[in-house]
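Let's walk through this model together, from the whole chain down to a single side chain. Keep the 3D view open as you read.

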Amino acid sequence: MKKAILLSLRGQQDYMDQEPEIISFITEGVLENRGDGWSVSYQESGLTGLEGVTTTFYVQNDCVILTRTGKLNSEMIFRPGEPHESLYQMEFGALLITVCATSISWDITEFGGIIDLVYDIAIEQSAIGVVTYHLDIALKD
């Protein structure tokens, strides 16, 4: 069953030799119990630079899967200590992205919850930094 939610997301990208890039926003989304896990989806906006993209966090057991569809297509699978390679397909081409989760935690029920994710990221086999996400999920009135 799908439920309307308010999603508070805070992301931080710590790239080598650069000041951390922090993004924080609140948006509407959808929470869905998928039997073997939960999905949280929302539409990106100009604020994130990904307007026209749907982002979905899917959580189950010890795994978080982050997919983006629309003007950008990607799927990143996060399991602690297990690198995952995928293509980050944009309008002008594709990049090889490698991610490796260092920390995953989530606690979601039909009333909302949280997702925390920290991972190392490499582009075209060059390490570039660490990304952190924290999502607070609340049912919309």
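## The chain as a whole

Of the 141 residues in the chain, 40% count as buried, where buried means under 20% relative accessible area, exposed means over 50%, and partly exposed lies in between (1.4 Å probe, protein chains only). This is a predicted model, in which local features need pLDDT of at least 70 and side-chain atom pairs count only at pLDDT 80 or more, while totals for chains, interfaces and linings use all residues. Residues are numbered from 1 along each chain as its sequence is written, and side-chain values use heavy atoms, with hydrogens and water left out.

## Strand E3 and its partners

Have a look at strand E3, residues 38–43, where 5 of the 6 residues are buried. Strand E2 (residues 21–33) runs antiparallel to E3, and 5 bridges join them; two strands pair if DSSP finds at least two bridges between them.

## A closer look at Ser41

Is Ser41 buried or exposed? This residue of strand E3 is buried, because its relative accessible area is 19%. Its side chain makes a polar contact with the side chain of Thr56 at 2.8 Å. A polar contact is a pair of N or O atoms within 3.5 Å; within protein, one must be able to donate a hydrogen and the other to accept it, and residues adjacent in sequence count only if both atoms are side-chain atoms.

Leaving aside neighbours within four places in sequence, Ser41 is in contact (heavy atoms within 4.5 Å) with Gly29, Val30, Thr55 and Thr56.

## Charges over rings

Now find Arg34, whose charged end sits over the ring of Tyr58, 4.3 Å from its centre. The rule asks for NZ of Lys or CZ of Arg within 6 Å of the ring centre and within 35 degrees of the ring normal. Lys3 lies over the face of Phe111, at 6.0 Å from the ring centre.

Technical notes. Helix = DSSP H or I, 4+ residues; strand = E, 2+ residues; numbered from the N terminus.
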